[in-house]
Amino acid sequence: MATATGALPCGAVESLQRKMSLRRCEFCNTEAAKYRCPRCMKYSCSLACVKKHKALYSCNGVREKAAFVSVNEFSNLTLLSDYRFLEDVGRMTDRAARDTISHKPKSNRFVNFLRNRARRCKICLQTLPIGFTKRRENSTFYSNKEQKFYWHLKLIFPQSHAKFTEQRVPDDKPLCDILKTYIDPQEADLVKQQRLKIYTVSPQSDIQILLKVENRPHNSIRYQELDAHKSLLDNLKGKVVIEYPTLHVVLRKFTTDMVILGQNVNKEINTPNEDMIKERSSEEEGEIHDSS
């Protein structure tokens, strides 16, 4: 007979509780563990420790249904979980197919307006079709009153395996000021500072800010190094941006597979994207003029 606790049999629940009682809380290290996070498998003893673990690891506590499970750990419960996951996918697909509102054509006026303004700033802004994740989560907008962009921005810190999202970042803000709340020893948020400790203890000269070069083959991925002392707008000029900028903050002392333009690559690929911007501008100008 199944119970409401994770739909497990009573015997399995009791066995799980006995196993947790033998473990200590991984955060206060004083009380016996009562809970185990379904996503990161961390043990905790109370609501305070659960909240602490979510803030420290940026964990939402939701089990990752598509997480890898080794053959040795595969069980009937894993098979049942996979079956239910496929059922959920089937229901969502059927629901999306029946949703007539999502299939209605939407106006491209706002998208064309953004691309037109970006083109005037010498930025080649490309957008994805409706339904893509980046298109759905993008909150970038342009203020006519202030005559500047407020970007949706994603920050990736590979050495800490951390990702953060910033909204409404003004285009005249220097990159070093954007990173202050993350890696500056005096101004950084304490939770972020703890998670990005390897960055906060590193000298500023060791930190690189990279932007992926778009529209390249998958087997030839390249990155461009940005100037931390320049504004976001100045760094994006002459570059291709798909929906919104994604900045990779890396440390020079670590060896990665990220190939940077101008380093061990031919000079001919280190050319600005001005031609691409001009080509797209001639196509988009007609679209924007029609929509306005």
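Residues are numbered from 1 along each chain as its sequence is written, and side-chain values use heavy atoms, with hydrogens and water left out. As the model is predicted, local features need pLDDT of at least 70 and side-chain atom pairs count only at pLDDT 80 or more, while totals for chains, interfaces and linings use all residues.

Trainee: Which residues of helix α2 are buried?

Mentor: Helices are DSSP runs of H or I with at least four residues, and strands are runs of E with at least two, numbered from the N terminus. Buried means under 20% relative accessible area, exposed over 50%, and partly exposed in between (1.4 Å probe, protein chains only). In α2, residues 47-57, the buried ones are Cys 49, Val 50 and His 53.

Trainee: Why do they line one face of the helix?

Mentor: The arc is taken from the directions from the helix axis to the C-beta atoms. Seen down the axis of α2, the buried residues line one face because they fall within an arc of 105°.

Trainee: Over how many bridges do β5 and β6 pair?

Mentor: Two strands pair if DSSP finds at least two bridges between them. Strand β5 covers residues 148-157 and β6 residues 162-170. Their antiparallel pairing runs over seven bridges.

Trainee: With which side chain does that of Lys 148 make a polar contact?

Mentor: Lys 148 lies in strand β5 and is buried, at 15% relative accessible area. A polar contact is a pair of N or O atoms within 3.5 Å; within protein, one must be able to donate a hydrogen and the other to accept it, and residues adjacent in sequence count only if both atoms are side-chain atoms. At 3.3 Å, the partner is Asp 172.
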